[in-house]
Amino acid sequence: MKLEGCGLCGSNLPVWEGRDWFKYPLRPGAPGHEGWGVVDAVGSGVTGFEVGDRVATLSSAAYAEYDVVETGSTVLLPPSLTGKPFPGEPLGCVMNIFRRGDIQPGQTVAIIGIGFLGALLTQLAVNAGARVIAITRRPYALELARAYGASECIPMEDHQKIIERVKSLTNGAFCDRVIEVVGEQWPLDLAGELTRERGKLIVAGYHQDGPRQVNMWLWNWRGLDVINAHERDPKVYVEGIRLAVDAVASGKLNPFPLITHRFGLGDLDRAFEAMRSRPDGFLKAVITP
């Protein structure tokens, strides 16, 4: 595959920062895993793909000009998406998170963390007929959630004030679904507090920097269904990407305005610094060879 681009993922930040639990050097192209591009050559046993096809893949070596990928980890992109950036892995994640969350019309859904995934989940939940409460730190992200149909947008500043606000908005019942998309201890604590009795708490944030503590008394008392929405089966990932292709091609999901920054392959360091500092207006960056 000749790469057209690769999305920049927050899970890559610790790799770039040099945390102790990684082994260096990484293999060429790592840890890029949101690649898309054009089929440049096919193996003798390959069927279903031809030179010139645009595809999205699950490769983990996509910070590169070329990559070798397996057919089972590759999804065709239709002509209607020609010229459009398509970081398949996070878009597939969004679809899988949404499926696991079982969001229904009339439900109240709190989404904690409005980045690329949170904004797309806001779109999907609103389109499904749910009432969305968006909770996030940055004013820019709150405005984005509001533009995508969130009925309430709450700054993530004061733990108790957020709880009281959501309690008031829901007449004391709290939320049918709460999706945590940050990957830190405080948002996880907050998610439990905002989930109603017999509600579903969906953990979509990537918690990679050590163990977490949870308020098991609260989770137990409320009888919460706690769903870890991270997938590890490549087939499930690929199915999510296929669903994302259909959703984007049909206009049900629009990720393109959320891609706010573009960097060349030689500017990876600058790209990671932008993702870490998150200047105003930053949401999603892609790398182009």
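An open sheet of 6 strands runs in the order E4-E3-E2-E1-E12-E11, with mixed pairing. Strands are DSSP runs (E, at least two residues), helices are DSSP runs of H or I with at least four residues, and both are numbered from the N terminus. Two strands count as paired if DSSP finds at least two bridges between them. The edges are strand E4 (74–76) and strand E11 (259–264), each of which pairs on one side only. On average, neighbouring strands of this sheet are turned by 25° against each other, direction ignored. Axes here are lines fitted to C-alpha atoms, for helices over the stretch in contact, and angles run from 0 to 180 degrees between N-to-C directions.

The model is predicted: local features need pLDDT of at least 70, side-chain atom pairs count only at pLDDT 80 or more, and totals for chains, interfaces and linings use all residues. Residues are numbered from 1 along each chain as its sequence is written, and side-chain values use heavy atoms, without hydrogens and water.

Within the sheet, strand E1 (residues 2–7) and strand E12 (residues 284–288) run antiparallel and are joined by 2 bridges. Cys 6 stands opposite Ile 287 in E12.

Helix H4 (residues 139–147) has Ala 141, Leu 142, Leu 144 and Ala 145 as its buried residues. They lie on the same side of H4, because they cover an arc of only 160° around the axis. The arc is taken over the directions from the helix axis to the C-beta atoms. Pro 139 and Ala 147, on the other side of H4, are exposed. Buried means under 20% relative accessible area, exposed over 50%, and partly exposed in between (1.4 Å probe, protein chains only). The buried residues of H4 pack against helix H3 (116–127), strand E6 (131–136) and strand E7 (152–155), with contact defined as heavy atoms within 4.5 Å. Gly 149 follows H4 and has a positive phi, near 105°.
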